Amino acid sequence: MNKADSLRLSELFQAEGYACTEELEEADLLIYNTCSVRHHAENKAMSYIGRLKDLKEQKPDIKVSVVGCMAQRLKGEIIKRLPLVDYVVGPSSMFDLPELIKKGKAGVYADSQEKRKEFPDVEYSSINTSSPFSGYVPIMRGCNNFCVYCIVPYVRGREQYRTKEDVLNECRLLAEKGISEIMLLGQTVNSHPDFKDILKVTAGIDGIKRVRFVTSYPGYMDKETVDIVASTPELCNYFHLPVQSGSDRVLKEMGRKYRVSHFRDIAFHIREKLPFAAITTDFIVGFPGETEADFNETLNLVREIKFDQCFTFKYSPREGTRSAKFEDDVSREVKKSRLAVLNELWSKLALKRNKLFVGRILELFAESKKSGRSSNYKIVHWKGAQAALGGKVKVKIIEALPHSLKGRRIT
Ligand code: 5AD
Ligand code: SF4
């Protein structure tokens with residue numbers, strides 16, 4: 001979502017006559033789009049921006065903007081800690097930044113309640129610069145779930161949905177521009193009231209060959225959605241379903257509104273209907289009160305589902321969330337060791353799953369001259385003829401690695 005927001009913002013500035021540069025020293029305007037989900041992300045952003053001190057002294061006219069979730073969470077605190085920052089702008093207000101800069105009104109612009117009532121009224125979509133045949137299309141923003149550890153509902157506000165018509169118009173426009181792959185985005189993308197309809201209709205647009213969606217809230221995922229994916233060739237065989245823990249007790253403490261049995265049902269249904277579909281997830285280890293037995297249940301779930309990829313995080317208390325008041329009682333060492341054990345297990349099983357593909361033929365869209373992604377989002381590198389960007393390629397898989405596949409191009 002942040003990447004999509006950043007691209008959109010960059011498009012808005014380009015419409016004002018700005019050009020992008022990769023060289024820090026060349027820039028007149030620097031924009032940092034930030035994440036607050038873990039302490040580490042904010043820390044990194046802060047120290048990165050802090051390092052601009054010399055540059056700002058040499059070039060006092062350079063404008064530094066901090067936008068997004070950290071801007072919303074820390075507001076004026078950012079300028080207090082880093083006086084070189086000129087603009088601090090919340091995640092929905094960031095699209096006003098070109099206007100604010102034009103007026104030269106430096107300052108703090110957090111999103112108001114009012115601002116976050118509706119989906120930002122900007123022509124939204126953004127073309128992914130690292131794979132220029134694919135486009136990001138946010139369909140909802142914010143979150144109503146209030147998992148006790150999560151800062152997102154506070155910084156991005158309640159759910160805001162984009163109308164189905166807007167989504168479709170955007171996708172059609174992208175298709176006309178030659179985009180063939182659409183990524184539908186939302187913090188809980190499947191809570192959009194028209195989610196299933198949007199899937200079906202975007203998949204049917206002339207010129208759209210692939211549609212992906214991230215991130216789904218497991219509690220709202222149902223077998224019907226899996227069946228729609230199974231019966232619609234354009235819908236990617238890729239399910240990112242962040243389960244967070246394999247223990248019902250921990251899920252309940254976290255305020256997640258589903259049980260492990262529901263997650264298991266969905267995952268098994270996917271494996272049954274679409275044996276080669278990728279299932280990926282997120283885990284938090286060391287949530288307050290997580291026992292060795294709880295953690296073992298997480299490991300058992302990993303053994304059972306054999307995820308294609310897991311994104312794993314140590315619990316990080318976020319000020320203002322409900323769990324910030326819980327005692328952070330799992331020690332750093334235990335968090336670290338649980339993370340290592342979990343990572344070793346899922347990687348080993350993911351490699352095993354990738355080996356299923358050896359000898360099979362996968363259809364890819366080239367993201368570089370000799371690599372691309374399959375419908376199930378596996379990165380494939382091939383030997384043989386180079387392909388044009390976005391071109392369709394068939395590759396016979398000859399080797400499985402933990403995070404990618406290698407093959408030989410056959411057409
Ligand atoms: N601590 C650690 N991980 C977190 N996540 C969200 N909030 C926290 C937190 N306070 C993780 C979850 C989520 C992913 C985007 O970040 O796993 O799915
Ligand atoms: Fe955060 Fe939970 Fe919403 Fe995901 S569903 S964004 S973890 S509050």
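Is C147 buried or exposed? Select C147: its relative accessibility is 7%, so C147 counts as buried (under 20% relative accessible area is buried, over 50% exposed, in between partly exposed; 1.4 Å probe, protein chains only). This is a predicted model, in which local features need pLDDT of at least 70 and side-chain atom pairs count only at pLDDT 80 or more, while totals for chains, interfaces and linings use all residues. Residues are numbered from 1 along each chain as its sequence is written, chains are lettered from A and ligands numbered from 1 in written order, and side-chain values use heavy atoms, without hydrogens and water.

**Cysteines**

Select C20 next: at 58% relative accessibility, C20 counts as exposed. The disulfide count is zero, where a disulfide is a pair of cysteine sulfur atoms within 2.5 Å.

Select residues 195-203, helix α9 (helices are DSSP runs of H or I with at least four residues, strands runs of E with at least two, numbered from the N terminus). F195, I198, L199, T202 and A203 are buried there. They span an arc of only 120° around the axis, which puts them on the same side of α9; the arc is that of the directions from the helix axis to the C-beta atoms. To see what covers them, show α8 (164-176), β9 (181-185), β10 (210-214) and α10 (223-231), which are included in the cover.

Move to I208, in the loop between α9 and β10. I208 is buried, at 4% relative accessibility. Beyond its neighbours within four places in sequence, I208 is in contact with residues including C171, I182, T202, A203 and E234 (contact means heavy atoms within 4.5 Å).

**Aromatic rings**

The whole structure holds 15 aromatic pairs (ring centres of Phe, Tyr and Trp, the last by its six-membered ring, within 6.5 Å; planes under 30 degrees apart are stacked, over 60 edge-to-face, the rest tilted). Select F13 and Y18: this pair is edge-to-face, at 5.0 Å between centres and 85° between planes. F13 is buried at 4%, and Y18 is partly exposed at 35%. Another edge-to-face pair is F283 and F307, with centres 5.8 Å apart and planes at 85°. F283 is in strand β12 (residues 278-285) and F307 in the loop between α13 (292-305) and β13 (309-314), so the pair ties together parts 24 residues apart in sequence.

Then select Y149, F287, Y315 and F326, which form one aromatic cluster.

**Charges over rings**

Finish with R38, whose charged end sits over the ring of F313, 3.6 Å from its centre (NZ of Lys or CZ of Arg within 6 Å of the ring centre and within 35 degrees of the ring normal).
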